[in-house]
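Open the model in your viewer and follow the stops below. Each one says what to select and what is there.

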Protein chains: 2
Amino acid sequence: MQLTSQNIITFLLSISLMLFFAKLLGELFNKIGQPAVVGEIVAGIILGPTVFGSLLPYAFNWLFPQNNEVKVALDGIVNLAVILLLLVSGLEVDLSVVMKEGKTAFLTGAMGIIVPFSLGFTAAYFFPNLLGIKDDSMKLAFALFMGIALSISALPVIVKTLMDLGIFKTEIGFIIVAAAMFNDIVGWLIFSVILGMIGVNNHGLNFQQTLIYLIAFTLFVLVIFRKIINKVLPWIQKNLNFPGGVLNFILILGFLSAAFTEYIGVHAIFGSFIMGIAIGDSVHIKEKTKEIIQQFITNIFAPLFFVSIGLTVNFITNFNFLIVAVILIFAFFGKVIGCGIGARFAGLNKNDSLAVGFGMNSRGAMEIILGILAFQYGLIHADVFVALVIMALITSVSSAPFMKYFLKERENLLNILSPNLILFTNFAGKNEVIGELVSLISKNLKLSTEKIYNEVIERENSIPTGIANYLAIPHARVDISKPAVAIALNKEGINFEASDGTLSRIIFLLLTPKNKNELQLKLLVDIVNKFKDKQKVEELLHSLNPADFISKLKQL
Amino acid sequence: MQLTSQNIITFLLSISLMLFFAKLLGELFNKIGQPAVVGEIVAGIILGPTVFGSLLPYAFNWLFPQNNEVKVALDGIVNLAVILLLLVSGLEVDLSVVMKEGKTAFLTGAMGIIVPFSLGFTAAYFFPNLLGIKDDSMKLAFALFMGIALSISALPVIVKTLMDLGIFKTEIGFIIVAAAMFNDIVGWLIFSVILGMIGVNNHGLNFQQTLIYLIAFTLFVLVIFRKIINKVLPWIQKNLNFPGGVLNFILILGFLSAAFTEYIGVHAIFGSFIMGIAIGDSVHIKEKTKEIIQQFITNIFAPLFFVSIGLTVNFITNFNFLIVAVILIFAFFGKVIGCGIGARFAGLNKNDSLAVGFGMNSRGAMEIILGILAFQYGLIHADVFVALVIMALITSVSSAPFMKYFLKERENLLNILSPNLILFTNFAGKNEVIGELVSLISKNLKLSTEKIYNEVIERENSIPTGIANYLAIPHARVDISKPAVAIALNKEGINFEASDGTLSRIIFLLLTPKNKNELQLKLLVDIVNKFKDKQKVEELLHSLNPADFISKLKQL
């Protein structure tokens, strides 16, 4: 069995089309302030049976055949894509921060399963007719299925959404990721029980075994193997061709780990994610290596996966309003309220808790995979399957705007940046640049230029604000209600007496409200934290325009 | 039809194993002076039916099943791999240089088909028994098959070998690539005729149509579309997310072009190669984009393709000494002598012509694909098939050592570099650094330190040798029989009065024989040409050790 010449043509055309529409819709959604991943999922619905398949069924069946070698080859790529996406996401996770958020993550993750699972289980067990199920003998399996289908968050969608919003590496981001990981572990365990009940448990392990292997493996990788990697990496980078050697090393470990978790009955992506965390934690891993992997995978592989979700079914013909509405309402309430309560218990404020709730609300591939299996084994009808996919899409699509809404009030660095407040300057004098920044910011905020200028200069004269890695942060506390920042980029560099002796080439003017001491400190730390890696700061210096600068700063 | 959980486990394990052995053998072969690609092919033989499959047949059949979804999924990846490899190779081709070598490439490519084709055709037509063919009615098809099987060079293997040897971007490199492209166009055309004769012509085009479409498409892409790309690229880089937008653009165009050439009956890799050339020719394409694509593809995808070749057959049980010997001798003589004569006609000297001959000698995937089809359709027996694969491997494996041997005499920059003659220095004075370099080189070559030092300083005092981009080339013509070069790397920089005002941080001391004016000029130009791109030079400055410096310099 291998691909014929005709298969290869179809295969290449379908991949090209998927990449093209993913990019097109991804960029369009970006332009309207949505994360690219939403555009990529929508691209799949357009390319799938719903739109393209309805309008041009012959062409659709030719390009995306359901029953031949091309489908299998695409399936292979899509599987690699999602495994690699989680590997890359893992590389970016800072384990120490996740540990710090442990309690919040645990409460959020646990409540994010208990509430939606209870809702789904109860509804399905006591009102099966509501969801179109007539056969009483399958009630228990069906109820478990509905419970879990409402509970499993989609780690890849969540991670990509957080990255697209630029908050992946923030406190909220880590809480969500850690909670989603916890949620997934539990979800997959129940998932494996259901697979056994509906007769597709072919990995030969029972629930206890899966649980024990999973915990043992996770601990082994994150505690022991992480240290081994940290020891082996310098040797690889020194003795093997760079970056080829380390690229291979990362991918091989990721694939092996994925194969193992798939083998013990948990999805492959969990293994590559865990291994990604263990590798990314090493201090020896170079930015260049990460960048090559990340750019290629997030731009080529990931879109293929997200597009593929929409290729599965026709969302119009299989649409049943009642079922969709019930599942959607239960899914939203269960997850947002469950996670929100968990986060609130752990001490987050109301807005942050809701942001976490909506962040956790994305459902995706797991629901669809589970749905396909349940559908094949006669546990659910096509309309329930479609409702699940629609629920997965709407929860994923709505996650970013809700999060943005609830995080808007949060005074973090990224929220107060504005392209209008960034300037490229040639002035070489400290006072001139501060003057420029103050006049820019005061024009924008309608404040008194002179007063602010004097405050900033006074502060600057008492202790110069040059930090390191080309950064300076002149600042003052003034009569404003919200913090504001203006940024100057200077190619030559200006002497702010930075501790490392560098001339400052990126100057943040930070103004904070008079009565909020701790906010000034927090924002100063936010900025300094962005400038830890000199090499990345040098890339910032090459920003083409203010928007480019902000997007680069978000990635730091 | 889609991958089961068990399929995914097998798929991941087989890819991991392929990557691991490819890297292991690739690095080992690198260490003994062979190009990595040879190691990757050998890795395939070890992993394939020959070694692993013989020793552990059960495990082998489990990991590399011949007849299920995993095989198809792997086939999909391998096809993408070779298409992407040729896309990347295309990006690196400098069209103007290839044009300049047009006549030599044409003569070499044409003779590289005529001679081996005649040998193969004659032997098969008049002595079919020798090759185990008894059925007279298939004589013509068989003779055509043998002719073409001896004639088609393996562009991917050739390109990778040239890259591994660091001569891809030299005059010889371009002659070989241009000739191989010409060779491939003609070879694939005849190939498509044979496919028609043995009944697998399923693209529905006859020979003339294929020919016309191919020429029209090639001209369209390289003449018109190339200009369109050059216009569109700046827009993409400005308006879309970078480097995501341009990465997608390159891959989509490559895949579409590959699909088109596959459709007209020429192999897909030809289309991606042509498109790669058209894209790479644009002045707007950024180094960073190229690097991300190149590193990921040459380190991850390409090894998967090269390993896959060896997975096809058992090379021991199907080994027939007589047939192997006949095919091997005809293949070597036909190709090396044919191409050698072509290159010699075009004016190359004897050693260079032989280097071109051996450079063109690599056979590979096309022979194997053609062989598989011919085998399936009963045109050849298993032993002829195995002989063809062995021929492909031995010609590929022997290409690099023979080329190295015949190019050894060639006095080019890369041949005279030696890790022993590179030093990392802290001296800040021009004379001190020159003194250091002279004493290093005179110790190595057993020359008089003082005499050389005076000659170099005298030249330096008349015209300073600082060039630009941190480069300086103090030089002299002295009493030696062969040119020599010593290199100093200096972090701070030394004033050699470079035209761009930079301090020189990489200092080449170049000594050439007194009687060879033009050689000194050639080597000076060779060095200066390597330092055209400031960003790449900055990477050179970060070399970890002399070997790393040489390997980075080779890539420039």
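**Stop one: a helix pair**

Select α11 (residues 207–239) and α12 (residues 244–263) of chain A: the two helices pack at an angle of about 165 degrees, with their axes 11 Å apart. Axes are lines fitted to C-alpha atoms, for helices over the stretch in contact, and angles run from 0 to 180 degrees between N-to-C directions. α11(A) is therefore roughly antiparallel to α12(A) (angles over 145 degrees). Helices here are DSSP runs of H or I, at least four residues, numbered from the N terminus.

This is a predicted model: local features need pLDDT of at least 70, side-chain atom pairs count only at pLDDT 80 or more, and totals for chains, interfaces and linings use all residues. Residues are numbered from 1 along each chain as its sequence is written, with chains lettered from A and ligands numbered from 1 in the order in which they are written.

Now show the contacts (C-beta atoms, placed from the backbone, within 7 Å). From α11(A), Phe217(A), Val221(A), Leu233(A), Ile236(A) and Gln237(A) meet residues of α12(A) including Phe249(A) and Phe260(A).

**Stop two: both chains**

**Stop three: the interface**

Select the contact: 50 residues from chain B and 50 from chain A. α1(B) gives the most to chain B's side, with 14 residues.

Key. Contact = placed C-beta atoms within 7 Å. Parallel < 35°, antiparallel > 145°, perpendicular 65-115°, else oblique.
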